[in-house]
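This briefing covers pockets, helix packing, nonpolar cores and selected residues of one protein model. Please consult the sequence and structure shown here alongside the text.

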Amino acid sequence: MSNQHSTSLKPNLLKLIGNDLVDLRLAAIESNWRRKGYLNKICTPEEQKLVLEAAMPDEMLWLIWTMKEAACKIVQRSTGIRKYEPLNFCCTLNTQGIEISGMVSYFKDSFLIRSELQSTFIHSVAVSDIKDFDQLHLQYLKPGIAYKAEFNTITELYQLAGTPSGIPELTHQITGQKHAVSVSHHGDYLAVIYSDSLLLTD
């Protein structure tokens, strides 16, 4: 991990949230993480140790992957800069059955993580403050072009749309306020997380 760079996220945009999921079936087909040099590009030495010593190394790798990606989505949306730098996102874990919590550090910033490990997928959510978890909602949907319409039907108070650049945007139908939202899709799974309390225009 480089120490030569410092990132300061905009305070208001720290109210963002991030999520990421991995379809384990598809990941097993698409990604050979055991090939030479792969882990070095994705994981810190401590994370590599977790993967290589895990009872289920594939699941451990994709858990770490989703944690990094969930935190990365907050950073990218806050800074407006899209960079591929997984080694700068450093994970620590606390695992209890299928419920997993942890933290991802990114230079001076850190993000709290809650993850769900199922037999077919792994899903991680990142926030900046632990109390933000209390106001989060999670909706799993079928992937496809109709997922926004399905979401808007299910959650009558909110309208999910996208900006011209493809960033998800959630608007409260009564107040008109923009709420924090994050969408993640891989393989057979799509997850939308959103917050009742985290507003992007406070």
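Threonine 79 lies in helix H4, where helices (H or I, at least four residues) and strands (E, at least two) are DSSP runs numbered from the N terminus. The model is predicted, so local features need pLDDT of at least 70 and side-chain atom pairs count only at pLDDT 80 or more, whereas totals for chains, interfaces and linings use all residues. Residues are numbered from 1 along each chain as its sequence is written, and side-chain values use heavy atoms, with hydrogens and water left out.

**Selected residues**

- At 29% relative accessibility, threonine 79 counts as partly exposed; buried means under 20% relative accessible area, exposed over 50%, and partly exposed in between (1.4 Å probe, protein chains only).
- Between threonine 79 and isoleucine 167 there are 88 residues in sequence and 14 Å in space, C-alpha to C-alpha.
- Aspartate 20 is found in strand S1 (residues 18-23) and is buried, with a relative accessible area of 8%.
- Leaving aside residues up to four places away in sequence, aspartate 20 touches Trp65, Thr66, Glu69, Ala70, Lys73, Ile122, His123, Ser124 and Ser184; contact means heavy atoms within 4.5 Å.

**Largest pocket**

- About 740 Å³ of space lies in the largest pocket.
- On a 1 Å grid over the protein atoms alone, a pocket is an open set of points where a 1.4 Å probe fits, with protein on both sides within 12 Å along at least five of seven lines; lining residues have an atom within 4 Å of a point.
- Grid points are joined across faces, edges and corners, and a volume is the space filled by probe spheres set on the points.
- Of the 31 lining residues, Lys73, Gln76, Arg82, Pro168 and Val183 lie nearest the centre of the largest pocket.
- At least two lining residues each come from helix H4 (57-79), helix H5 (147-154), strand S7 (158-162) and strand S9 (178-186), with H4 giving the largest share, seven residues.
- The lining of the largest pocket comprises 15 nonpolar, seven polar and nine charged residues; Ala, Val, Leu, Ile, Met, Phe, Trp, Tyr, Cys and Pro count as nonpolar, Asp, Glu, Lys and Arg as charged, and the others, Gly among them, as polar.

**Second largest pocket**

- The second largest pocket has a volume of about 210 Å³, and its lining includes Glu99, Arg114, His123, Phe133 and Ile193.
- Strand S6 gives the most to the lining of the second largest pocket, with four residues.
- By class, six nonpolar, three polar and three charged residues line the second largest pocket.

**Helix packing**

- Helix H3 (residues 45-53) packs against H4 at an angle of about 145 degrees, with the axes 7 Å apart; axes are lines fitted to C-alpha atoms, for helices over the stretch in contact, and angles run from 0 to 180 degrees between N-to-C directions.
- Glu47, Leu50 and Val51 in H3 meet Pro57, Met60, Leu61, Ile64 and Lys68 in H4.
- The contact of H3 with H4 has six nonpolar, no polar and two charged residues.

**Nonpolar cores**

- The largest nonpolar core has 42 residues, and Leu61 and Trp62 have the most contacts inside it; such a core is a set of buried Ala, Val, Leu, Ile, Met, Phe, Trp, Tyr and Cys residues joined through side-chain atoms within 4.5 Å.
- H4 supplies the largest share of this core, 11 residues.
- Apart from this core lies another, of 11 residues, among them Leu141, Phe151, Val192 and Tyr194.
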